[in-house]
Amino acid sequence: QLPPCRHQPQAYDGPSRDEVLALRHQYVNPGVLTYYREPLMVVEGNMQYLWDETGKRYLDAFAGIVTVSVGHCHPHVAQAVKAQAGRLQHTTTIYLHPTIAEFAAKLASKMPANPDGLPLDRTYFTNSGSEANEIAVLMSREFTGNQDVVALRNGYHGGTTTAMGMTAHGTWKFPSNPQSGITHSVPGYCYRCPLGLQYPSCDVKCAHDIKNVIEYQTPGQIACFIGEPIQGVGGAVVPPPEFFSIVYDIVRQHGGLCIADEVQGGFGRTGKHYWSHQNWGVRPDIITMAKGIGNGAPLAAVTSTGPVASTMTNRIHFNTFGGNPVSMAAGLATMEVIDAEGIQENAAAIGDLLIGGLTELKDKHALIGDVRGLGLMLGVELVKDRKTKEPASDAAAELMERAKQRGLILGKGGLHGNTMRIKPPMCITKDDAQFLLATIDQCLSEIAN
Ligand code: PMP
């Protein structure tokens, strides 16, 4: 049973689900991804819960797509958005407006320094994570005068031209968008070690592989390396703790800047640290962020040091919606909530509880091959056989369906779609976590029988 909830959803009197489906089939680009055999229609949200058109409630353990950081329609964020939308909904960055300056200053207050002690305190606002990554690469190429970019296999960086090139999952690539100037090194994915080795006797060879990639596949000097400190779409892949420091050192020896893609892992999601790269003790040159930044507002950003940011002054660059006052108000209010409501501490505590519970479920269910993650960025990889590790993609799809029927929304990822992704709004409670564990337990028992 879902834990009780005080929020009463409004009666839904909009178009029926069948009408919406028919309109969608006719008018929305059919390439747009939907989850579930019968796509779920959601009409209302409150904190960690969503409601469908029939009034059925769900625990949203995927937070949209890892986006609703502090809760659907969190009152402080909703109020800030309403107030700003009622006062000035749009202006571009060609005019001065207080929200953009205030939000950029607030972000700077959470930023680490680069290895030379220069603060990462200059932000460029965009509308999506893909766009933020495009700008980060552009700045790196301008700054270093080099062209080549190295990313990691199994990484996801977006769907625009360069971002799609950096993404390393065949599923997310289009044949008509060949990558140019982008190569990939192997990730620290111990459960499926790309080099067939075992940690720690492997000496983290996966991290050292980037030296070969740079020396064999580029002219030897690169513009940048981009990596997710924990791979999100790839299935909450947590690298060995020293992976990123080895990679960053090699990248810098070859003239490159280090970009931390914090689109999923930022804003306290991994619990202990505000930024997920801080779990690995490294200092990036550029941080890109989106998703959780505005609790669901269309907003993303790239933050770098002054010298790196100043590359953007070489040419005129502009984006119409970047720095939109309503998005800025959402971002500022979201950061205020993270600070005021112990959100990070909650992510750490509930994350530990979930990891513990999921690890117990692994002892019970042979379908679970691996449980991993940090804070509320968790993955449960399903396999048909623990020895061969053959991905159990069908079981993952079935688990999603059965969990939905019981009121639990999960995400999935990984190359074969066999990793359940558990990344709820960070206001989730202990009772929600118990419900989540019990539901996964029941569903896996049914699937195994
Ligand atoms: N980077 C990462 C790590 C992501 O997970 C995503 C989105 N899944 C992106 C970039 C792209 O963000 P957007 O969808 O906002 O373009």
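The following legends describe close-up views of a predicted model.

**Figure 1. Strands β1, β2 and β3 are joined by two antiparallel pairings.** Strand β1 (residues 42-46) pairs with strand β2 (residues 49-52) in the antiparallel sense, over 4 bridges. Within this pairing, Asn46 has Tyr49 of β2 as its bridge partner. The hairpin formed by β1 and β2 has 2 residues between the strands, and Met47 in the turn has a positive phi of about 50 degrees. Strand β2 also pairs in the antiparallel sense with strand β3 (residues 57-60), over 3 bridges. Here Leu50 has Tyr58 of β3 as its bridge partner. In the hairpin of β2 and β3, 4 residues lie between the strands, and Gly55 takes a positive phi near 90 degrees.

**Figure 2. Helix α7 crosses helix α8.** The axes of α7 (residues 205-217) and α8 (residues 243-253) come within 8 Å and cross at roughly 15 degrees. Because angles under 35 degrees count as roughly parallel, α7 is roughly parallel to α8. The crossing of the two helices is right-handed. On the α7 side, the contact is made by Cys206, Ala207, His208, Ile210 and Lys211; α8 contributes Phe243, Ile246, Val247, Ile250 and Val251. Classified by residue type, this contact has 8 nonpolar, 1 polar and 1 charged residues.

**Figure 3. A shell of 15 residues surrounds the ligand.** The closest of these residues are Ser128, Gly129, Ser130, Gly158 and Val263. Helix α5 (residues 129-144) supplies the largest share of the shell, with 3 residues. By class, the shell around the ligand has 5 nonpolar, 8 polar and 2 charged residues.

**Figure 4. Four strands form an open antiparallel sheet.** The order of the strands is β11-β12-β15-β14. Strands β11 (368-374) and β14 (411-413) stand at the edges, and each has a single partner strand, so one side of each is left without a neighbour in the sheet. From one strand to the next, the twist averages 25 degrees.

**Figure 5. Strand β11 pairs with strand β12, and helix α11 lies across both of these strands and β15.** The pairing of β11 with β12 (residues 377-382) is antiparallel and extends over 6 bridges. Val371 stands opposite Val380 in β12. Helix α11 (residues 343-364) lies across β11, β12 and β15 (419-422) and runs at about 170 degrees to β11.

Methods. Residues are numbered from 1 along each chain as its sequence is written. This is a predicted model: local features need pLDDT of at least 70, side-chain atom pairs count only at pLDDT 80 or more; totals for chains, interfaces and linings use all residues. Two strands pair if DSSP finds at least two bridges between them. Axes are lines fitted to C-alpha atoms, for helices over the stretch in contact, and angles run from 0 to 180 degrees between N-to-C directions. Angles under 35 degrees count as roughly parallel, over 145 as roughly antiparallel, 65 to 115 as roughly perpendicular and the rest as oblique. A crossing is left-handed if the near helix is turned anticlockwise from the far one by less than a right angle, and right-handed if clockwise. Two residues are in contact if their C-beta atoms, placed from the backbone, lie within 7 Å. Ala, Val, Leu, Ile, Met, Phe, Trp, Tyr, Cys and Pro count as nonpolar, Asp, Glu, Lys and Arg as charged, and the others, Gly among them, as polar. A residue is near a molecule or strand if its C-beta atom, placed from the backbone, lies within 6 Å of it.
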